[in-house]
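Please keep the sequence and the 3D view at hand while reading.

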Amino acid sequence: MNCVNLDPVVEKIIRVLQAHKLARPGEYCRFLWDSPEKNRKLGNNEYGCADAVNIRYSLGLPGAEPEEREETIRTLQAFQNPENGLFQERDHHPYHTTAHCIAALEILDAAPLHPVRALAQYETPEGILALLESLDWRGNPWGQSHRGAGVFASLLILHRGGLAWQDAYFDWLARHCDPQRGLSLAGSFGEKPLCHHLNGWFHYLFNHLAARRPFPHAEALIDSCIDLYRQNGLGEPPQVVFAQECSFREIDWIFAVHRASCQTPHRHGECMELLRDCAGRFVSYLASVDETRDEGMNDLHSLFGAVCALAELQLALPGELRSSVPLRNVLDRRPFI
């Protein structure tokens, strides 16, 4: 792949971000349009506001005026339930929404107004292990990871728990991680496609990164990522074609293979070859897609996933994907997307 100028793609993303901005400072919608079969929540939204913060940070956009910054913080904080401390939105588990909003507030050097009381039960080693052991690793590895990773990320950002608590969490994941695949849990495969296990395991990987812990079985994880890519196992055809949509699927695979390859030289050349191939397909898609009609561009949360993937590809392929302002992956600052 020759050197690619990402500036036109970045400019498109900024236009889409501005289209989602509402009249009041700090407020953003997640969706620009609805359809009868979707019945989406339009207007000011937890994910619209949080993802606007994340996208601005990722693109290195100039900081907002102090008044708008304070309004953004107040808008995000207002989504919190003062009784249990959770942030709730109908399309995601409350632990996912809570982690996502807390992580966005961290970007603004801010925090929730109220204690996250509902997560206090997980602040001990025993509590966090009980959570991991309660998850449906076989039947819903992707969806359940929003809980297993979201709780840890929230408490880590809020400086709760402690070193023994972190050790318990990562030791459990290391003991149970499938050594042949380098992802998910041994004995959990068969009911869901392998890509669902990778999509779920990604959430635990960024917690490893945040706590400066090595990935368990990194070489096996690389093998799984390469096999999934070469066998077209990352999407779910015909509806989903990998690297041809705005989604979180791309960052899940790109992050896993790139960060694992930073830990081991295992099949490094193949990793770089596939990352370049993915970058070529993905950037071409983003450059050509009609921002006024594409459902991924309609959804600011999906667009944020694409921005994360683009930032990770630029980091993985130095000098090959260029932009006037270098992109940043928010996961290098704090966990959770």
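H217 is found in the loop between α8 and α9, where helices (H or I, at least four residues) are DSSP runs numbered from the N terminus. The model is predicted: local features need pLDDT of at least 70, side-chain atom pairs count only at pLDDT 80 or more, and totals for chains, interfaces and linings use all residues. Residues are numbered from 1 along each chain as its sequence is written, and side-chain values use heavy atoms, with hydrogens and water left out.

H217 is not a glycine, yet its phi is positive, near 55°. Its relative accessibility is 35%, so H217 counts as partly exposed (between 20% and 50% relative accessible area, with buried under 20% and exposed over 50%, for a 1.4 Å probe and protein chains only).

R212 lies in the loop between α8 (194–210) and α9 (218–230). R212, also not a glycine, has a positive phi of about 60°. With a relative accessible area of 65%, R212 is exposed.

Which residues of α8 meet α10? They are L198, N199, F202, L205, F206 and L209, and their partners in α10 are R249, I251, D252, W253, F255, A256 and R259; contact means heavy atoms within 4.5 Å.

Notes:
Helices (H or I, at least four residues) and strands (E, at least two) are DSSP runs, numbered from the N terminus.
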